[in-house]
Amino acid sequence: MKIKKIILPLLLFISSVAVAQEKISLQQIMQTIDNQNPVAKMYDAQIRSLDEAAKGARNWMPTDFGTGFWMTPYNPGLWKGENGMGGMGQYMLSVQQMFPNKKKQDAEASYMEGMSASEKERKRYELYQLYADAKKNYYDWVIIKKKLNIIYENEKLLTFMIKDAEIRYKNGLDKLSAYYKAKAELGMLLNMEVGLENEIAQKRIRINTLMNRNKFEAFDIDTTNAVTDFSIASVDTTFMNNRSDIKAIDRDIQLTALQQNVERNKVKPEFGVRYEHMFGLGGMPMQYTLMGMVRIPFGRANRASKANVESLNFKTEALTQQREMILNEASGMAAGMISEIASKKKQVKLFEENIIPALRKNYQVMQLGYQQNTEQLFTLFDAWDALNKTQIEYLNQLQQLLTMQVELERILEMKPRP
């Protein structure tokens, strides 16, 4: 009883503080994860980096400039000329520019512009994993609060039984056969209460972590929960094709095709122009050179590009098979999960409509008999114990159902409805 005198005021204080706490919906948590979680920010920065890099895909090669002596003798005396002969040597300025192949440049631009598309899908995939984590902790919190409500009510009932049994024992109306058992059960409830309060604290820390907030920032949640009705028709190939990891692989396959196009265009020629202007020394006339240039990859460079194209063909095949593997496994998991959810919903419904109402009626009958002195404390306690354990088991079953729902929504990549 000393433990009870210490713990109950503490829990009442915690409960009173919780009442004043901000209540956050699951939809608000999802939105905060979108905006604040470091994973989202990391992918946003990476996508922006790839987009910025793509802007330079159509740039030209830098212009080459040169200056220096051209065909100039080592003997400076010959620069000015001797015995009536003109000087020898020239001072030259040169400029050279290569013009990129338009098709090659277009292929590289398309490849670089497509790189960020895969990252966008991977970001979406990671966010759905975070959503599932948040929903799991949120629904666990909902169930814990329901369990606490049952415990609070049962504490009142046990306290009444204990006090009533003490009065009856003093008056010689009852025995103490179930008295100490009831007191022990009250201690067990208080112990469970402490454990559940700690679980709520852990759930709050985890959700705050997912929202990238102060880990100990206080908030509360709504205890309403929606058990969605899923059917086999909800999971078809078209729907599964919308998964972000499947779309990321589709983007990778498209990117591989673009990369092949880049490799094929590497063997295309590139043209350029070179202009040189020479200042003659010792009275020599000024001269110039104007040349056109062409760069044609052949030999080993050509073979390397062909090998890369063939290598990317096998990469495309590997990505295609990976896509089929993920799609097949995810579809099987979703179908199996739907079957489990249907079975679990039937069990939960039996608890709600048959088992708990019958045990509650049994307890009420025993309570009435106890008040009329036709039943003893141990029969009332047994009726209460059966009802209490069944209610907790019902919540455990409901928690399993919600966990299955979260897992199915993770597989199907479904966000909670607002």
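**Exercise 1. Find which residues form the nonpolar patch on the surface of this predicted model, and which elements give two or more residues to the patch.**

Step 1. Start with the members: W60, F99, F271, V273, Y275, Y288, L290, V294, I296 and F298 make up the nonpolar surface patch.

Step 2. Take their accessible area together, which comes to about 1100 Å².

Step 3. Now turn to the elements. Two or more residues of the nonpolar patch come from β5 (270-280), and β6 (287-295) likewise gives two or more.

**Exercise 2. Work out where F298 lies and whether F298 is buried or exposed.**

Step 1. Look for F298 in the loop that runs between β6 and α8 (300-371).

Step 2. Read off its relative accessibility, 64%.

Step 3. Exposed means over 50% relative accessible area, so F298, at 64%, counts as exposed.

**Exercise 3. Describe the phi, the place and the accessibility of M71 and N212.**

Step 1. Check M71. M71 is not a glycine, yet its phi is positive, about 50°. You will find M71 in the loop between β2 (64-70) and β3 (90-99).

Step 2. Check N212. Here too phi is positive, near 60°, in a residue other than glycine. N212 sits in the loop between α5 (179-210) and β4 (220-221).

Step 3. Finish with accessibility. M71 has a relative accessible area of 65% and is therefore exposed. For N212 the value is 37%, so N212 counts as partly exposed.

Technical notes:
Residues numbered from 1 in each chain as written. Predicted model: local features only at pLDDT ≥ 70, side-chain atom pairs only at ≥ 80, totals over all residues. Heavy atoms only, no water. Patch = residues over 30% accessible without salt bridge, like charges linked within 9 Å, V, L, I, M, F, W, Y side chains within 5 Å. Areas by Shrake-Rupley, 256 points an atom, 1.4 Å probe, with all protein chains shown as cover. Salt bridge = Lys/Arg side-chain N within 4 Å of Asp/Glu carboxyl O. Helix = DSSP H or I, 4+ residues; strand = E, 2+ residues; numbered from the N terminus. Buried < 20%, exposed > 50% of the residue type's maximum accessible area, 1.4 Å probe, protein only.
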